[in-house]
Amino acid sequence: MNSSYVNMGVGALLATLFVLKSVSLASGFIFHSETPEKPGFEIVAAEAPAGDAGGKAAEAKETPIAQLLQTADAKAGETIFKKCQACHSGEKGGPNKVGPDLWGIVDRPVAEHEGFAYSAAIKDFSKGGTEKWTYDHIYHFVAAPKKFISGTAMGFAGLPKEKDRADLIAYLRTLADTPVPLPDPNAAPAPAATN
């Protein structure tokens, strides 16, 4: 093999690398953007409490819904309900959407709204229609639907703030011909049923 071919090949390789590096540097100068001092949108992930003891401690500190409903604001709950309207209607005789109509939801039997196909998990939770949407059930369900009823098809992440849940429930209570009486704030809280 002739050494001139080797020299030409190495020269061509070096010339190609030189051109690529030059283009890379030039484009870096042309399309350079400064890093902002403060990000436009900061993503903050909440850390879960360490171990079972931390989770049980957080649950133990939860205020019973009966107490929260004494100061709940149905008007604020109406604003929160706008998140629900993507999947639920709240009018009397309203249509079922992705989720059932929520008119008269408080104290309604679980999985018994006419014309809606409920998931197997909700049907199991309903115990054949004997279980009702009590204030307590709604309170825990809207906190974390998939945690409260494992396997539910409801894709809502939940409302972590107690006040938001209480306000929403106060509003849902008004979606009835005769609102269900508020629970006694002095009564012992019902245990949170999970499925």
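R165 is buried, at a relative accessible area of 4%, where buried stands for under 20%, exposed for over 50% and partly exposed for values in between (1.4 Å probe, protein chains only). The side chain of R165 meets that of E62 in a salt bridge (3.6 Å, N to O), a term that requires a side-chain nitrogen of Lys or Arg within 4 Å of a carboxyl oxygen of Asp or Glu. E62, at 29% relative accessibility, is partly exposed. R165 belongs to helix α8 and E62 to the loop between α2 (51-60) and α3, so the pair ties together parts 103 residues apart in sequence. The model is a predicted one, in which local features need pLDDT of at least 70 and side-chain atom pairs count only at pLDDT 80 or more, while totals for chains, interfaces and linings use all residues. Residues are numbered from 1 along each chain as its sequence is written, and side-chain values use heavy atoms, with hydrogens and water left out.

The structure holds 5 salt bridges. Another of them also involves helix α8: K163 and D167 pair at 2.9 Å, N to O, and both lie in that helix, 4 residues apart, about one turn. Here D167 is buried, with a relative accessible area of 3%, whereas K163 is partly exposed at 49%. A further bridge joins E131 and K127, with the closest N and O atoms 3.3 Å apart; E131 is buried at 18% and K127 exposed at 56%.

Turning to the overall fold, the protein chain has 8 helices and 0 strands, with helices (H or I, at least four residues) and strands (E, at least two) taken as DSSP runs numbered from the N terminus. Of its 195 residues, 28% are buried. Helix α8 (residues 162-174) packs with helix α6 (residues 135-143) at an angle of about 130 degrees, their axes 10 Å apart. Axes are lines fitted to C-alpha atoms, for helices over the stretch in contact, and angles run from 0 to 180 degrees between N-to-C directions. The two helices, α6 and α8, are therefore oblique to each other; angles under 35 degrees count as roughly parallel, over 145 as roughly antiparallel, 65 to 115 as roughly perpendicular and the rest as oblique.

Away from the helices, Q70 lies in the loop between α3 (65-68) and α4 (74-84) and is partly exposed, at 42%. Q70 and L182 are 112 residues apart in sequence, yet 8.0 Å apart in space, C-alpha to C-alpha.
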